[in-house]
Structure formats: C-alpha cells, structure tokens
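This report describes one protein model for a reader who is new to structural analysis. Please keep the sequence and the structure in view while reading.

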Amino acid sequence: MARVLNQTTYNSLLDSLYKLPLRNRVQSLTKLFPGLSVDTLKCVVAQECQKRMKGSHGRLTTPETVEIIFTNSILMNEEPGILVRLSDEVGLTPALLARCIVERHYQRSDKSKPAKLLISTLMKNTALIDDRDLAFETYLCLLEDDEYGPIAEATKQSKGYEYEIHLRIELENCKISFLHEDHLRMKGYDKTPDIKLEIPVAIDGQVINWIESKALFGDEEVHRGYLKDQLYSYWNRFGPGLVIYWFGYVEDLEKIHQNRIILIRDTLPTNMVLMEHL
C-alpha cells in the first residue's frame, strides 16, 4: 500500500475528503483510493479535522452559539445520541461539542466559566458529571470522536510511543548504538530528538546523526510546524538527521530545508551504511 504521495494525488485526496460528511469518512476514502493504506487515510482525515476545528472553533463556540445548542439539546426529546447528531449539524466534532455543553451546564450564575481543570476531569471521567443524561451523552460523544477528546488523545499518544519503541527495536536489531530522549534529558539537553546516534550512519550518501519518529502523515503544513518547533533545533545542535513519518508523507518535502540536511522517510531505511563498513 502506498504511503508516499505526490502532490497531485494528495490534492485529489483532500478534494474528495472535503466533499464527504464529517464523520466515518475513512470507509468512503478506502473505496475511492484503494491503493493507499488505511493508516495513511486515517491520519489525513484526522489532521484535516484538526485544521478545520482550529479555523472554525472560535466562531462555533461563541457564548450565543453555545447557548442555542444547549437549549436545543435540552428541548430535544429523542433517543440517546442527541449531542452526536447535533455535532453533525453544527460542524463541531462530538467531543468538542460535548465539552462546550458541559462547560455551559456548570456555568455559574454570574456567567463565568467553570475551571478548566474541572471540565478536563469531567471529560476524562464522565461518571462524575452530576446530570445522568448529560454524562451519558458526553460519553457517547467521546466514543464517536476519533480526532478530539481524551480517548482520541490517549490513542494518539499511545501510537506515538509504540512507534518510538518500534524504532528502538529496529536500531538494536541493526546493531546501531544510540541514546534515546530519556538518556539525553538525563544529560541535560533541553531539545531532544527521539534518537541520537552515538556513531553516525550514512543513508543514500548522507551522514545522519539523529532520528525523529512521527506516527502521523507529513504534509507541508505539518512538516513546517515540526521544522520550526523541533527539527531545526536538532539540526543546530547535532547536524543532519532523519525524520520518519510512519504513515507517509507528500513527496518533495525535503526541498523546504534548502541547505539544511534533514532526510524524510516512511520507515527506517535498510541501506544504512555503518561506520565499520566505510
């Protein structure tokens, strides 16, 4: 299954994605793009959703809008899943909509919002919500949301850690000596890649000193964000490196770096040249 996409294929994928309903889009995309891996499609869908929410969250969660949604949710005398159905109508993900409703439920008489810590605790354990129906509706929203909320975030973190461990195992199998980020933090580094090679390796003729693992899909916006927040810092400290987007990436991202060498791959290369082989 393909994971590295040219720009034309990626644009076609996004165009198809925008035309689909807001939920359960992966199944439709697998039929439209049978040559792409399911994991790649899931990542693209999740990342598109996150970008869309960043752009529309403020507009869709104004006090006036939340008040209308809150009133409608109370008046609707329907089967369970009211908030999930409202999320489709409003355009918010189920977890984000549920969080807004829970905040409104606990809003004080002076219109001040409840503490963020309280709301975060309630979203992580919906059994603590004092209204039985709202607790159940919120729980359903979290189950239905693959992009936002505590369940989605825990899944994302777990997947990221899983691939970091996978990378360490692969390097050990290749007899490559390295330090991982916990070792580097103990040594006092504030900016730490997932892997710092104790002895550099060569990949396609380029010496590599560090490796960063990303359990997601790398498009230009995602990659530029990581360059600014992480990768250029690693390059400044340790020199050339490698970032692995395990679920694929758009071709030609390396051109963004200009004279800074940061290779991009979707798996650990098998053609690494070790120092003793030189």
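Are Tyr 163 and Trp 246 buried or exposed? Both Tyr 163 and Trp 246 are buried, where buried means under 20% relative accessible area, exposed means over 50%, and partly exposed lies in between (1.4 Å probe, protein chains only).

## Basis of the model

This is a predicted model, in which local features need pLDDT of at least 70 and side-chain atom pairs count only at pLDDT 80 or more, while totals for chains, interfaces and linings use all residues. Residues are numbered from 1 along each chain as its sequence is written, and side-chain values use heavy atoms, with hydrogens and water left out.

## Overall architecture

The protein chain contains 11 helices and 7 strands; helices (H or I, at least four residues) and strands (E, at least two) are DSSP runs, numbered from the N terminus. Along the principal axes, the C-alpha atoms fill a box of roughly 75 × 45 × 30 Å. Of the 278 residues of the chain, 46% count as buried. Contact means heavy atoms within 4.5 Å. Among contacts between residues at least 6 apart in sequence, 61% join residues at least 24 apart.

The domain assignment gives domain 1 (4–58), domain 2 (63–148) and domain 3 (158–277); such bounds come from an automatic or database domain assignment. The centres of domain 1 and domain 3, taken over C-alpha atoms, are separated by 26 Å. Between these two domains, 11 residues of domain 1 are in contact with 11 residues of domain 3.

## Aromatic pairs

The structure holds 4 aromatic pairs. Rings of Phe, Tyr and Trp (its six-membered ring) pair if their centres lie within 6.5 Å; planes under 30 degrees apart count as stacked, over 60 as edge-to-face and the rest as tilted. One of the pairs joins Tyr 163 and Trp 246 in a tilted arrangement, with 5.3 Å centre to centre and 40 degrees between the planes. Tyr 163 lies in helix H9 (residues 149–173) and Trp 246 in the loop between strand S5 (241–245) and strand S6 (249–250), so this pair ties together parts that are 83 residues apart in sequence. Tyr 163, Trp 246 and Phe 247 form one aromatic cluster.

Another pair, Trp 210 and Tyr 234, is edge-to-face, at 5.4 Å centre to centre and 75 degrees between the planes. Because Trp 210 belongs to strand S4 (residues 206–214) and Tyr 234 to helix H11 (residues 220–238), the pair ties together parts that are 24 residues apart in sequence. Trp 210 is buried, with a relative accessible area of 0%, and Tyr 234 counts as buried at 3%.

## A charge over two rings

Which rings does Arg 260 lie over? The charged end of Arg 260 sits over the ring of Tyr 232, 4.1 Å from its centre. Arg 260 also lies over the face of Trp 235, at 5.3 Å from the ring centre. A charge sits over a ring if NZ of Lys or CZ of Arg is within 6 Å of the ring centre and within 35 degrees of the ring normal.

Strand S3 (residues 195–203) and S4 pair in the antiparallel sense over 5 bridges, with Ile 195 opposite Ile 211 in S4. The hairpin of S3 and S4 has 2 residues between the strands, and Asp 204 takes a positive phi near 50 degrees there.

S4 and S5 pair in the parallel sense, over 5 bridges. Here Trp 210 stands opposite Gly 241 in S5. S4, H11 and S5 make a right-handed β-α-β unit; a crossover is right-handed if, with the strands pointing away from the viewer, the path from the first strand over the helix to the second runs clockwise.

## Selected helices

In helix H5 (residues 82–90), Ile 82, Leu 83, Val 84, Leu 86 and Ser 87 are buried. H5 is followed by Gly 91, whose phi is positive, near 100 degrees.

Glu 103 lies in helix H6 (residues 94–105) and is buried, with a relative accessible area of 17%. Not counting residues up to four places away in sequence, Glu 103 touches Lys 113, Pro 114 and Ile 119. Ile 165, in helix H9, is partly exposed at a relative accessible area of 27%.

Key
Two strands pair if DSSP finds at least two bridges between them.
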